[in-house]
Number of protein chains: 4
Amino acid sequence: MSFADTKKPGLSFASDYMEGAHPSILQRLMETNLEKSAGYGLDEYSESARAKIRAACAAPEADVFFLAGGTQTNAVVIDSLLRPYQGVIAAETGHISVHEAGAIEYGGHKVLALEHQTGKISADAVSACVQAFRQDANHEHMVMPGMVYISHPTEFGTLYSLEELKLLSSVCRSNHIALYLDGARLAYALACPENDVTLADIAALCDAFYIGGTKCGALFGEALVIPQHDYIPHLFTMIKQHGALLAKGRIAALQFDTLFTNDLYLHIGEDAIALADRIRSALGEKGYTLAFSAPTNQIFIALTKKQAEDLSEAVDMSFWENIDESHVIMRIVTSWATTSADVDALIEVLS
Amino acid sequence: MSFADTKKPGLSFASDYMEGAHPSILQRLMETNLEKSAGYGLDEYSESARAKIRAACAAPEADVFFLAGGTQTNAVVIDSLLRPYQGVIAAETGHISVHEAGAIEYGGHKVLALEHQTGKISADAVSACVQAFRQDANHEHMVMPGMVYISHPTEFGTLYSLEELKLLSSVCRSNHIALYLDGARLAYALACPENDVTLADIAALCDAFYIGGTKCGALFGEALVIPQHDYIPHLFTMIKQHGALLAKGRIAALQFDTLFTNDLYLHIGEDAIALADRIRSALGEKGYTLAFSAPTNQIFIALTKKQAEDLSEAVDMSFWENIDESHVIMRIVTSWATTSADVDALIEVLS
Amino acid sequence: MSFADTKKPGLSFASDYMEGAHPSILQRLMETNLEKSAGYGLDEYSESARAKIRAACAAPEADVFFLAGGTQTNAVVIDSLLRPYQGVIAAETGHISVHEAGAIEYGGHKVLALEHQTGKISADAVSACVQAFRQDANHEHMVMPGMVYISHPTEFGTLYSLEELKLLSSVCRSNHIALYLDGARLAYALACPENDVTLADIAALCDAFYIGGTKCGALFGEALVIPQHDYIPHLFTMIKQHGALLAKGRIAALQFDTLFTNDLYLHIGEDAIALADRIRSALGEKGYTLAFSAPTNQIFIALTKKQAEDLSEAVDMSFWENIDESHVIMRIVTSWATTSADVDALIEVLS
Amino acid sequence: MSFADTKKPGLSFASDYMEGAHPSILQRLMETNLEKSAGYGLDEYSESARAKIRAACAAPEADVFFLAGGTQTNAVVIDSLLRPYQGVIAAETGHISVHEAGAIEYGGHKVLALEHQTGKISADAVSACVQAFRQDANHEHMVMPGMVYISHPTEFGTLYSLEELKLLSSVCRSNHIALYLDGARLAYALACPENDVTLADIAALCDAFYIGGTKCGALFGEALVIPQHDYIPHLFTMIKQHGALLAKGRIAALQFDTLFTNDLYLHIGEDAIALADRIRSALGEKGYTLAFSAPTNQIFIALTKKQAEDLSEAVDMSFWENIDESHVIMRIVTSWATTSADVDALIEVLS
């Protein structure tokens with residue numbers, strides 16, 4: 001029940017980064033393998049991928065960079081957007097708040113953690129945080145809120161509605177702070193019937209965001225999008241300084257070029273959502289309790305420790321958190337690569 | 001009602017750093033003014049002050065450094081004690097958590113904030129935090145608790161009992177993490193009848209602490225004490241790197257040499273405590289509500305906003321926090337320099 | 001003549017990161033693509049690659065991590081090895097000194113730059129630097145040398161001899177500072193007849209090093225090797241904090257597993273060296289001047305600006321530096337993927 | 001012959017921070033000691049000192065802050081002015097380059113060191129550095145020069161002429177980078193006949209500078225001047241974050257208020273200069289060799305090691321650097337507090 005636990009039961013639902021890449025990505029890597037191209041994202045595949053992403057986001061001026069992973073993308077953006085006296089507002093459960101080993105503080109910035117509602121924060125809470133800072137007699141001795149970090153889907157698999165995102169954006173813009181969206185699992189939002197937020201909405205409402213590749217069909221990689229050109233000056237150099245500049249930029253770019261060909265990215269999460277829905281139904285029918293309600297590819301089940309141990313013999317899940325001495329929350333995750341047969345076998349195991 | 005508010009009513013109880021220094025300190029600065037001495041704390045006055053502090057703390061091997069202020073002392077100690085993957089546990093209300101403008105994060109470290117009880121944190125809460133980290137399946141992706149920061153008196157004027165301090169020390173030592181005590185107002189603890197913690201106790205139970213001068217009778221300065229020699233390697237250089245090494249170290253040292261002559265430091269806060277007690281009694285008699293109970297030189301009064309405004313016309317207090325739309329907490333502080341006449345006048349004003 | 005210059009002449013010799021991966025790597029990515037494996041390097045492919053690298057390095061206890069790129073690997077190692085009051089000694093021409101956009105300083109550390117001899121630094125120079133620091137009356141006000149960074153081959157394509165490496169190692173060990181080797185192009189050293197340094201030598205003589213993949217046949221990736229187990233505590237977390245932990249660790253590991261199967265890594269650079277030798281011979285015959293002598297896959301030619309411009313119309317080289325108003329140094333690079341036909345065409349062009 | 005050497009010969013010429021403060025400063029500290037004032041520089045003495053400094057600098061809009069020491073002032077200014085991708089140009093002998101224990105790198109920035117001419121750098125060298133960066137094909141992978149640091153007098157006691165300062169300023173402004181002047185010993189420049197740079201010149205030509213107090217008659221303290229109001233946004237908070245905000249700001253401010261009353265600061269260094277001139281004459285007459293020529297209060301003598309040892313028995317000098325195996329440079333320094341009798345005795349000792 002730990003990242004260090006490599007014993008594998010027959011069924012694997014521990015995360016959405018267990019497989020390689022969508023076959024069409026490997027196909028194109030093969031086809032282009034011995035071509036020679038410029039480094040550092042200055043090649044034609046990078047340019048092509050950027051063009052397709054700009055089109056998909058209806059953001060014709062956007063700056064687009066391809067990085068290797070989410071934590072580094074978050075650190076680069078937050079470090080680049082904040083001034084040294086500023087911090088970043090995030091849910092107390094946000095990835096940057098708890099699971100990035102202090103990467104934001106390593107860059108010199110405080111995470112200003114707000115209470116979450118199933119992984120989300122509200123425009124009202126952001127507004128209250130900013131106003132509290134401004135009205136505090138001692139605010140010049142405190143860390144100024146300089147931007148807002150959200151994830152969509154959140155770490156709890158929940159989604160912001162378009163209305164919620166508009167309110168957040170409005171609060172940020174009226175307070176002159178940036179809004180940044182972590183889209184590590186964005187494909188699973190875009191494929192989810194409950195979702196009413198499009199890529200174009202995100203580009204219109206956020207100042208920076210990334211389109212996740214690692215968990216959404218790529219071997220690795222995230223596409224960082226800054227809708228307004230040069231909104232972050234010298235971002236290329238900031239990426240280099242953070243050790244996040246890929247020498248062979250085309251390897252990441254080609255993957256996004258593929259994912260943004262024929263709208264693959266918009267559909268790649270559909271099976272994962274449908275299969276997660278099947279699992280949720282089966283769990284309900286079999287009397288399991290969902291720890292909280294979330295419509296995307298992550299499912300959180302409240303179990304007794306005994307149940308969790310028994311189930312773990314057959315299914316590789318991931319431990320989420322302890323509820324109390326005798327109950328835990330376990331997470332089951334589907335991905336673009338999960339098959340109906342996998343889910344059949346899982347449902348079979350649920351007794 | 002802000003730090004920026006320089007209009008001064010007749011009576012000043014806004015903080016304990018409003019006056020200059022104890023007269024005996026100025027006297028000695030005058031007497032020694034034109035002597036020549038080595039810089040950077042390598043002079044005989046620094047050596048003398050160190051010897052007196054070691055004796056007062058029953059810590060004959062202690063390393064002692066004199067710095068200019070509390071925030072820089074906290075930053076130096078925390079940066080020096082932590083490894084890059086570690087953070088510091090503190091009360092969510094701790095000075096380092098809220099009122100140092102992100103100085104700890106500037107140094108690359110996360111403040112792991114715990115709920116407070118009137119400014120204090122318990123050994124149990126520290127233990128739970130450390131255990132939660134260790135038992136978390138994902139702890140290698142998280143910030144490891146590396147030390148504990150407490151203040152005595154706390155920012156709320158409260159005190160740790162010797163028993164509480166022993167428990168904290170025990171938890172820290174059994175978990176191999178350092179315990180650091182911020183003694184910005186330590187003289188007011190040592191002068192307080194409720195206090196049962198001596199300098200020797202602190203030196204025995206903590207791995208680092210500072211004896212506050214700025215708020216306790218010095219023009220400026222804090223004496224950083226590391227009871228175990230060389231516990232923090234190259235601390236001199238770390239102090240320099242943080243811009244905290246005083247060229248004329250003797251100016252700070254001479255002040256501590258004076259404060260630790262004839263036990264002045266142990267008694268310098270006595271009047272402040274007695275006068276604060278008089279104010280607390282008067283407030284009680286006149287029907288005011290204390291926001292919370294604290295035995296040292298800080299008094300926190302719950303007032304309606306109207307009351308706060310009216311009272312502020314006559315008395316310079318400091319704003320502490322809003323309770324709700326119509327109520328606030330204001331702080332009244334006495335110091336080593338507060339006189340009976342000041343307090344008479346204040347009590348007169350309280351209606 | 002800049003990284004931003006994407007116009008491509010017919011012949012490409014600008015760098016050794018222009019192609020994809022060795023075909024056997026793509027083959028294995030295809031074969032294993034839909035397998036499910038644990039994240040963060042805890043999978044069996046990572047374990048297999050680690051075992052093969054330990055064997056190749058005769059370092060059975062070594063810690064091995066797979067990262068995405070060289071700058072981030074350098075930053076992680078240097079940040080993890082140094083204490084805050086220490087800096088890293090490097091050639092003034094070292095990659096960390098000039099071409100990492102301040103990544104080392106971003107981590108809080110000074111690069112202590114030494115004069116170079118065609119990219120190399122000597123044991124004597126390192127020793128002199130350390131002794132000068134120790135003997136300086138003011139050394140407690142200065143940055144302490146805490147480790148040494150070298151590259152092999154260097155940025156100039158030159159090689160350390162085994163004797164030179166032994167002397168460097170000896171100086172470092174007698175001064176209790178770490179020796180770290182950047183092997184971004186290590187395959188081109190190992191394939192070079194002039195080279196007498198084996199992987200086992202490096203593992204025996206250095207405290208940390210990385211085996212370059214990005215420039216040596218992988219899509220991306222570097223294998224960081226710490227010969228002595230746990231020499232760098234909590235390195236996993238440090239990697240995460242730097243944003244350098246790959247979620248799908250197996251994608252990088254599988255590439256190294258392939259490169260260390262049947263000694264592929266030891267031979268993959270051989271063609272590049274042989275072809276570079278052919279180019280060097282041809283240049284000599286045609287009367288060109290090499291800017292400096294280097295035996296590996298990088299060739300530095302001194303040209304008039306006019307010559308450089310003319311040649312650049314047919315050949316994509318990279319600009320190295322200006323010699324004076326009218327002369328420049330241009331760099332030609334071969335790689336594992338360069339063909340005889342490429343070199344024939346290049347020699348044809350050289351007039 | 002080290003900072004750690006506390007054995008004191010009879011005569012002390014080791015530095016200009018050996019004495020306390022000008023008597024009129026102590027006098028005013030005595031007079032105002034028990035007044036109550038607001039903290040953090042919001043008191044009337046701070047306001048008065050700021051007004052006098054603005055007048056002396058002919059900079060009516062200037063922001064003025066009082067900090068405790070030079071290294072912290074340098075770190076605050078440089079960290080606040082630079083963006084993360086930028087570094088600071090300085091002489092390789094600049095205080096920030098060698099004697100601040102890596103304080104600038106601790107803040108994340110590289111010092112871009114230029115060759116010096118007796119402690120100075122030229123406008124041409126700065127221009128060449130900036131142009132070299134801009135013309136480098138790889139400059140996006142490098143640290144961008146973002147500001148220039150100079151000291152006046154320099155660490156070698158030399159002075160910039162007004163013409164030189166104008167050229168530096170012009171190069172900086174035409175390249176849109178800031179010019180910052182470290183005036184730790186500024187009083188000794190202002191009192192020097194060779195000096196043709198006034199405070200008003202500095203305020204007109206530099207974007208930030210500090211007027212040194214610690215070495216120029218104060219107990220401690222430096223006055224940071226930013227001629228253009230709000231040129232550095234949120235500087236108050238940056239000062240706090242660096243641990244450099246004095247709680248009792250008035251203690252530093254009152255010292256500057258005194259130094260800027262009746263032009264005391266303009267004259268306080270005059271005796272030091274006249275006495276240094278006497279020493280220089282005597283050295284010349286007695287056949288000593290000055291290591292380099294400098295007109296202010298620092299004198300650098302080239303001695304054999306034997307001479308240095310013998311002379312050190314009678315005179316406390318400071319070690320500057322080794323020339324070769326058998327020769328050293330020693331430094332003799334006068335201050336505002338040096339007396340004719342001190343100098344008579346010194347000259348007596350020189351044989």
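Student: How do you know at what angle helix α13 and helix α15 of chain B cross?

Tutor: This is a predicted model, so everything here is computed from it. Lines fitted to C-alpha atoms stand in for the helices. For α13 (residues 270–285) and α15 (residues 340–349) of chain B, those axes cross at roughly 10° and come within 10 Å.

Student: Why give both an angle and a distance?

Tutor: Because two packed helices are described by the angle between their axes and the distance between the axes.

Student: What makes α13(B) and α15(B) roughly parallel?

Tutor: The cut-off for that label is an angle under 35 degrees. The crossing angle is roughly 10°, and therefore α13(B) and α15(B) count as roughly parallel to each other.

Student: Which residues make the contact?

Tutor: On α13(B), B:Leu275, B:Arg278, B:Ile279 and B:Ala282 take part. From α15(B) come B:Ser340, B:Val343, B:Leu346 and B:Ile347. By class, the contact has six nonpolar residues, one polar and one charged.

Student: Let's switch to chain A. How do you know which residues belong to which domain?

Tutor: That comes from the domain assignment, which puts 11–19 + 268–349 of chain A in domain 1 and 23–265 in domain 2. Taken over C-alpha atoms, the centres of these two domains of chain A are 27 Å apart.

Student: What makes you say that domain 1 of chain A is in contact with domain 2 of chain A?

Tutor: Two residues are in contact if their C-beta atoms, placed from the backbone, lie within 7 Å. On that basis, 14 residues of domain 1 of chain A are in contact with 21 residues of domain 2 of chain A. Helix α13 (residues 270–285) of chain A gives the most to the domain 1 side, with three residues. That side of domain 1 of chain A divides into eight nonpolar, four polar and two charged residues.

Student: And between chains, how many residues of chain C and chain D are in contact?

Tutor: 21 residues of chain C are in contact with 21 residues of chain D. The chain C side has 10 nonpolar, eight polar and three charged residues.

Student: Why is the relation of chain C to chain D called a two-fold axis?

Tutor: Chain C superposes on chain D by a rotation of 180° with 0.0 Å of shift along its axis, at an RMSD of 0.0 Å. That is the relation of a two-fold axis.

Student: How do you know whether chain C and chain D meet through the same surface?

Tutor: 100% of the interface residues of chain C are also interface residues in chain D, so the copies meet through the same surface.

Notes
Residues numbered from 1 in each chain as written. Chains lettered and ligands numbered in written order. Predicted model: local features only at pLDDT ≥ 70, side-chain atom pairs only at ≥ 80, totals over all residues. Domains from an automatic or database assignment. Helix = DSSP H or I, 4+ residues; strand = E, 2+ residues; numbered from the N terminus. Nonpolar A, V, L, I, M, F, W, Y, C, P; charged D, E, K, R; others polar. Axes fitted to C-alpha atoms, helices over the stretch in contact; angles between N-to-C directions. Parallel < 35°, antiparallel > 145°, perpendicular 65-115°, else oblique. Least-squares fit on C-alpha atoms with pLDDT ≥ 70 in both.
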